[in-house]
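Student: I would like to learn how to read packing and salt bridges from a set of coordinates. Please take me through an example.

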Amino acid sequence: MKDDPTLGLLPSFRGTRTGLEIEDIKQSFIDNLFYGMGRTPAVATRNDLYTALAITVRDRVFRHGIHTVETHEEQQARRVAYLSAEYLPGPHLGLNLLNLGITEQTRQALSQLGYDLDELIEQEDEPGLGNGGLGRLAACYLDSLASLQVPAIGYGIRYEFGIFDQTVLNGWQVERTDKWLRYGNPWEVVRPDIYFEVKFGGHTEHWTDDKRNHRVRWVPNNVLKGEAYDTPILGYRVGTSNLLRLWKAEAVESFDFAAYNVGDYYRAVEEKMSSENITKVLYPNDELIQGKILRLQQQFFFVSCSLQDLLRVHQARGGRPENFHEKNAVQLNDTHPAVAVAELMRLLLDEHALSWEEAWEVTSQTIAYTNHTLLPEALEKWPVEIFARLLPRHLEIVYEINRRFLDEIRTKFPGDNERIARMSLIDESGSRFVRMANLATVAGHRVNGVAQLHSDLLKKTVLADFAALWPEKFCNVTNGVNPRRFLALGNPALTRLITECIGDDWLYELNRLRKLESFATDTQFQKRWREARLGNKRRLAKLIEAGTGIRVDPQTIFDILVKRIHEYKRQHLCILHILTLYLRLKHDLQADFPSRTFVIGGKAAPGYFMAKLIIKLVNAVSSFIENDPAVRDRLKVVFFPGFNVKSAQHIYPAADLSEQISIAGKEASGTGNMKFALNGALTIGTLDGANIEIREEVGEDNFFLFGLTVEQVAELRARGYRPRDYYEQNSILREVLDLIGSGALSHGEKELFRPIVDNLLQHDPFFLLADYQSYIDCQDQVNALWADQQNWTRKSILNAARMGKFSADRSIDDYCERIWNVKPVHVA
């Protein structure tokens with residue numbers, strides 16, 4: 001790297017500007033409020049104060065960012081590029097204070113100025129750039145990449161409007177626009193000099209160059225540009241600060257003066273409006289053809305910008321396109337960025353004139369693919385007609401990849417036309433589709449699942465043919481979570497207790513929580529553990545009352561189920577249990593079981609009717625019980641609206657019981673299960689996803705297990721599952737379903753919940769009725785254990801102590817070793 005003549009002019013990294021002492025922070029805060037915001041304390045709004053504080057902290061993060069860039073340049077290190085259509089980073093302020101180690105200094109600095117740090121932390125809007133677990137996992141991984149000092153960059157889309165804000169009206173989910181940028185975003189920096197053109201549509205022209213090589217020129221009919229917005233991602237108490245780079249779509253020419261001058265004011269800005277639509281909203285409704293087109297445009301847009309950016313940096317460092325894979329590892333987070341395969345090939349073939357063989361070698365050694373689902377309908381497929389209309393050159397490349405690949409299959413499996421049809425990149429069973437999971441699997445040098453069961457099933461089901469062909473490609477990397485955010489930041493009381501007893505090195509190496517095992521039966525430690533957890537429950541109780549008007553008792557069992565609303569996640573099985581308890585009380589008001597508070601939360605996709613009806617059912621049951629004075633002091637049901645990362649930091653620490661009740665074989669991994677257990681909740685769950693590995697780690701005696709196994713589900717399905725038989729043979733279940741269908745929960749409107757009841761009795765695709773009695777029996781074991789608080793607390797401590805495997809740090813170590821071949825680079 002050439003000497004930078006500005007380096008000697010940079011401000012000192014010592015003293016007020018980025019100092020970490022109380023006086024330095026105070027001065028920086030006042031300077032940023034005055035000079036950055038143009039405000040004095042007398043007229044500053046709370047958002048002004050928050051923004052001034054955010055910039056104060058960001059300055060200190062940028063100090064590390066500059067050192068990181070310089071060190072990586074010097075080392076010429078191989079770098080990870082994480083491509084994800086979703087990120088749910090959560091609020092930045094609290095985590096950056098924790099990572100810098102200046103939370104208390106900042107608290108004191110603000111207090112001396114008359115401000116409360118917690119109030120300013122609460123002011124922050126979180127970026128809603130994801131739908132659920134996929135985006136939160138991506139954010140955890142960026143945090144761990146920085147904390148482990150792995151050179152990395154995350155790439156995604158800067159959606160103007162994120163995942164919708166959820167409110168509840170008359171028990172129904174109502175979606176409102178997520179205007180997360182309405183006050184600006186002080187953590188990001190726009191880079192107007194880093195932009196790339198992205199093409200769509202048009203046609204291709206084939207020609208022969210002067211060396212008689214076949215070349216292709218893509219002539220698009222639409223061109224827009226992607227502009228970079230950078231957010232620093234700081235590691236925990238280390239020098240590394242990596243980047244999350246998000247792309248915003250803009251018109252190449254944002255204003256047509258010719259149209260304006262002739263009075264066509266709409267056409268004057270039409271191109272700007274059309275271009276910016278691509279990054280306007282997270283996941284447009286793709287039930288209509290326009291939604292499908294926009295979603296494919298979004299995916300290609302961010303992938304193209306990201307790969308062009310990687311090639312730019314690679315060449316600026318002296319690299320050549322031929323050795324791109326030696327310095328870059330590109331990870332596809334699910335199938336959304338899978339079009340990267342065709343785009344990287346296009347860039348290498350058409351823009352950099354590599355031969356097909358050279359381009360394929362670079363592409364296949366660069367790209368790896370993480371699969372996140374076993375649901376065939378969730379494996380993206382694009383209609384060939386749409387693909388051809390938007391990306392004609394890429395369809396040619398997909399066809400050529402497919403031709404060469406199927407020739408290989410025909411050689412190895414002659415005459416096996418069924419295998420060829422299954423493995424082809426083009427689904428030709430009806431209307432023709434491009435299979436994105438197949439494309440990513442064929443091109444990627446590694447394919448991984450996200451829990452051991454998921455990875456095993458992946459090789460036996462949706463990608464079985466590929467695993468048989470290339471067993472060496474497949475591996476497992478069990479998901480993990482960020483313990484700094486979800487324990488240290490979200491649960492400060494428990495963190496203080498743990499650190500007081502075993503030191504703070506567990507925040508660097510989560511396996512060191514094992515030291516807590518020696519305290520599990522210590523009476524005094526148990527008492528303090530319960531006090532810390534009770535404080536968390538009181539904090540959540542206040543949030544519940546403020547948000548829903550329902551007053552709950554922190555002394556009850558907090559039984560919590562929060563995740564995306566979907567039939568396979570079986571929130572309605574939890575409702576069957578609640579109504580079972582309700583009927584027990586109606587039959588005997590002295591029924592011997594502890595009082596419970598059920599908290600259910602999560603968002604349903606706007607077009608998913610059954611999921612939205614489940615939310616309505618939860619709220620109906622809540623009102624039904626709340627209006628029955630005979631039982632409402634024993635049972636409470638709360639639907640917690642707007643579940644997100646911010647509220648999760650209050651919810652996970654307050655749970656006594658974590659509900660992980662999906663049907664076995666459907667949940668790829670889950671990470672909420674890890675966050676709950678890390679905070680000391682006991683889990684009731686099936687042998688699904690990462691539940692299996694959690695149970696192995698914490699011990700079978702410390703996990704409430706129920707339900708059919710994957711094998712039993714398959715056997716029952718093969719025999720011919722008759723859900724109505726369970727209804728006929730189980731009088732309690734029959735009474736519960738009849739109650740739902742009677743109209744008692746819906747003010748006499750019998751047809752309201754009929755779709756749920758009919759679906760369960762006639763189809764029950766996720767085996768709720770088959771698992772019902774096992775679930776109820778297991779819940780009775782929960783009741784019995786709760787009566788023995790000493791034993792419950794022991795198990796709670798052991799759950800937290802044995803969660804070391806489920807740190808995102810361990811997951812990233814596995815990726816580095818098994819997939820990326822990337823080493824950490826120490827940044828001072």
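This is a predicted model: local features need pLDDT of at least 70, side-chain atom pairs count only at pLDDT 80 or more; totals for chains, interfaces and linings use all residues.

Tutor: Residues are numbered from 1 along each chain as its sequence is written, and side-chain values use heavy atoms, with hydrogens and water left out.

Student: How many residues does the largest nonpolar core have?

Tutor: A nonpolar core is a set of buried Ala, Val, Leu, Ile, Met, Phe, Trp, Tyr and Cys residues joined through side-chain atoms within 4.5 Å. Buried means under 20% relative accessible area, exposed over 50%, and partly exposed in between, with a 1.4 Å probe and protein chains only. Here the largest core has 172 residues, and Phe387 and Trp820 have the most contacts inside it. Helix 9 (residues 289-316) gives the largest share of this core, 11 residues. Helices are DSSP runs of H or I with at least four residues, strands are E runs of at least two, and both are numbered from the N terminus. A second, separate core has 72 residues, among them Leu585 and Trp786.

Student: At what angle do helix 11 and helix 14 pack?

Tutor: Axes are lines fitted to C-alpha atoms, for helices over the stretch in contact (heavy atoms within 4.5 Å). Angles run from 0 to 180 degrees between N-to-C directions. Under 35 degrees counts as roughly parallel, over 145 as roughly antiparallel, 65 to 115 as roughly perpendicular and the rest as oblique. Helix 11 (residues 340-351) and helix 14 (residues 392-412) pack at about 100°, with axes 9 Å apart, so helix 11 is roughly perpendicular to helix 14. Residues of helix 11 in this contact include Val341 and Leu349, which face a set in helix 14 that includes Ile397 and Ile401.

Student: Which residues of helix 26 are buried?

Tutor: In helix 26 (residues 691-698), these are Asn691, Glu693, Ile694, Arg695 and Val698. Their packing partners include helix 17 (452-460) and helix 32 (789-801). Just after helix 26, Gly699 has a positive phi of about 105°.

Student: How many salt bridges does a search of the whole structure find?

Tutor: A salt bridge is a side-chain nitrogen of Lys or Arg within 4 Å of a carboxyl oxygen of Asp or Glu. The search finds 63. One of them joins Asp465 to Arg422, with the closest N and O atoms 2.6 Å apart. Asp465 is in helix 18 (residues 464-469) and Arg422 in helix 15 (residues 417-423), 43 residues apart.

Student: Are Asp465 and Arg422 buried or partly exposed?

Tutor: Asp465 is buried, at 15% relative accessible area, whereas Arg422 is partly exposed, at 41%.
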